[in-house]
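Biologist: I have not worked with this structure before. Could you take me through it?

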Amino acid sequence: MRITGLPAPGPGTPRLREALLTASFTPEGLLDLLGPSAHAALARGETVPALRATHPDDGPLAVLTRLFLLRRPVAYGVARGALPLDEALGEGWLTRDGDEVRATVEVRPYATEGAPGGDGDGAGSRDGWIVSDSRGAPGADGAAGQAPDVVLGAGGASATLAALTVRTPVARALDLGTGSGVQALHASRHADLVTATDVNPRALRMTALTLALSGAPPADLRLGSLFDPVADEPGYDLIVSNPPFVISPARDGAGLTYRDGGMAGDALCRTLVRRSAAHLAEGGHCQLLANWERTEGEDWRERLAAWVPPGCDAWIVRREEQDVAEYAELWLRDAGLHRGDRAAYEAAYGAWLDEFAARGALAVGFGWVMLRRTGAERPAIRVEDWPHAVEQPLGDTVLAHFARQDFLRDRARDDDRDRDGGQAGLLSARYVLAEGVVQEQVGAPGAEDPEHIVLRQRHGMMRATALDTVGAGFAGSCDGTLVAGTILDAIASLLGEDPFTLREGAGAWLRPLVEQGFLLPAG
């Protein structure tokens, strides 16, 4: 696979980075230059509004935008006023064609968060740049005309995974299938050592460029498939992967490397999940994006739960589902086949549908798979459908979810000794209402009592749950001062209910309130 024609970072790269910063070639600077409309269009892969916004401006920011984002030639003399031209040409960031220069790669401003608990800007954003062949945004030409080893930049999937990832400081992090190095760049802000792997040598070079230009420490770059390049390494505290999860007919490298994994169906994602535990340190997290098939007569939740390796808690969320025809159309457009020969497009479309039919697949799910290695004999596995809005970033929400699973597992151990209807562990704890949880009452106008009482989260997963009077009264009384059993006894006395009966039935509504984050263990 080719890696020719790409820059080679050297002593001039820090000077180039300084020129980008001086010109405000950053996410904020780019928005200020283009304005909201052209900026949004560029994110969709449409360049005309941005070209209009930067013409005929020859200021450094406009010049850098035309060079590195719009991939337009710039006059040699104009470029010299925007960046250290000799170094940029010498290291291969630019190439000269007569009186003009062109960029050899796309360089896109990108912000990452600072290292939690670190010095300087703490958790604030830090400016970096993603180096790639192109962003390949939907609405443009996709990968039409591109080589199979094309390396795309930061798109929607990259942003989703980055916002989902737990950002606690760790010793060792693995970015599996690194591509242009988006996740490796994020991990470099809070990991002592970052290892990045890919089957595509061109992707490894792009990752090295992304890290070097962004001023991040270099990663340990390794060529190979899945976990093979790190087979003999100690466990990682964090594994992230935006893998080639597309379910396509392409086999043995016949497709586009960034999306076609070469395995039948969803075998690549299944293999990645099942093998992850062997490469996680105790307490380590594995977080990845995945596609999976839904077949006739099979519960997709049970199927996904069966992927989870022993000794791991798991939280799997389906965010979207497409029928097989819609799914095939999405990725045929991504490859740009809809713009070519009609007969070839129809033949490719038929091949995709034949592939799905052979396995009885009806639809394809899109979502998140999040694991944590605990070694627990009774792992907590939650598989759910959640197509609704969430508040990103969700890294802290993921961390809190698994912490609550530890709490619930510890409390469950007390149930064998329970004399209060099997809820001793839960009822002996103190709880607080999570920040941002509000109560809504639903009923007919003028009615004396509401038909429903709903608790709604305004942060994180933004869930809602309906409760009866007992559950709502309990949640509203949780301020961390009284144990749950005492609160429930007081409610029983107020309502004239049998306290034992309320205690016996409390687990049915109290456990979900804790698991889903409406109530948090005090402290």
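Predicted model: local features only at pLDDT ≥ 70, side-chain atom pairs only at ≥ 80, totals over all residues.

Biologist: At what angle do the axes of helix α2 and helix α4 cross?

Modeller: The axes of α2 (residues 27-43) and α4 (residues 60-68) cross at roughly 95° and come within 11 Å. That makes α2 roughly perpendicular to α4, because angles of 65 to 115 degrees count as such.

Biologist: Which residues meet there?

Modeller: From α2, Gly29, Leu30 and Leu33 meet Leu61, Ala62 and Thr65 of α4. By class, this contact has four nonpolar and two polar residues, with no charged ones.

Biologist: What else does α4 lie across?

Modeller: Helix α4 lies across β1, β2 and β3, and runs at about 65° to β3.

Biologist: In what order do those three strands form their sheet?

Modeller: The order is β1-β3-β2, in an open sheet with antiparallel pairing. Strands β1 (74-75) and β2 (94-97) stand at the edges with a single partner strand each, so one side of each has no neighbour in the sheet.

Biologist: How many bridges pair β1 with β3?

Modeller: Two bridges pair β1 with strand β3 (residues 100-103), in the antiparallel sense. In β3, glutamate 100 is the bridge partner of alanine 75.

Biologist: Changing topic, is alanine 314 buried or exposed?

Modeller: Alanine 314 counts as buried, because its relative accessibility is 1% and the cut-off for buried is under 20%. This residue is found in strand β11 (residues 312-323).

Biologist: What is alanine 314 in contact with, leaving aside its neighbours within four places in sequence?

Modeller: The contacts of alanine 314 are Val308, Met370, Leu371, Ala380, Ile381, Arg382 and Phe402. Leucine 371 is 57 residues apart from alanine 314 along the chain, yet their C-alpha atoms are separated by 4.5 Å.

Biologist: Which residues of the largest nonpolar core touch the most other members?

Modeller: They are Tyr327, Trp352, Phe356, Trp368 and Met370, in a core of 75 residues. Strand β12 (residues 361-373) gives the most to this core, namely seven residues.

Biologist: And what is tryptophan 352 in contact with?

Modeller: Beyond its neighbours within four places in sequence, tryptophan 352 is in contact with Val246, Ile247, Ser248, Pro249, Arg259, Tyr327, Ala328, Trp331 and Leu332.

Biologist: How many residues are in the other core?

Modeller: That core has 38 residues, including Leu83, Leu85, Ala88 and Leu94, and lies apart from the largest one. As a general point, nonpolar side chains tend to be buried together in soluble globular proteins.

Definitions and conventions: Residues numbered from 1 in each chain as written. Heavy atoms only, no water. Axes fitted to C-alpha atoms, helices over the stretch in contact; angles between N-to-C directions. Helix = DSSP H or I, 4+ residues; strand = E, 2+ residues; numbered from the N terminus. Parallel < 35°, antiparallel > 145°, perpendicular 65-115°, else oblique. Contact = heavy atoms within 4.5 Å. Nonpolar A, V, L, I, M, F, W, Y, C, P; charged D, E, K, R; others polar. Buried < 20%, exposed > 50% of the residue type's maximum accessible area, 1.4 Å probe, protein only. Pairing = 2+ DSSP bridges. Core = buried A, V, L, I, M, F, W, Y, C linked by side-chain atoms within 4.5 Å.
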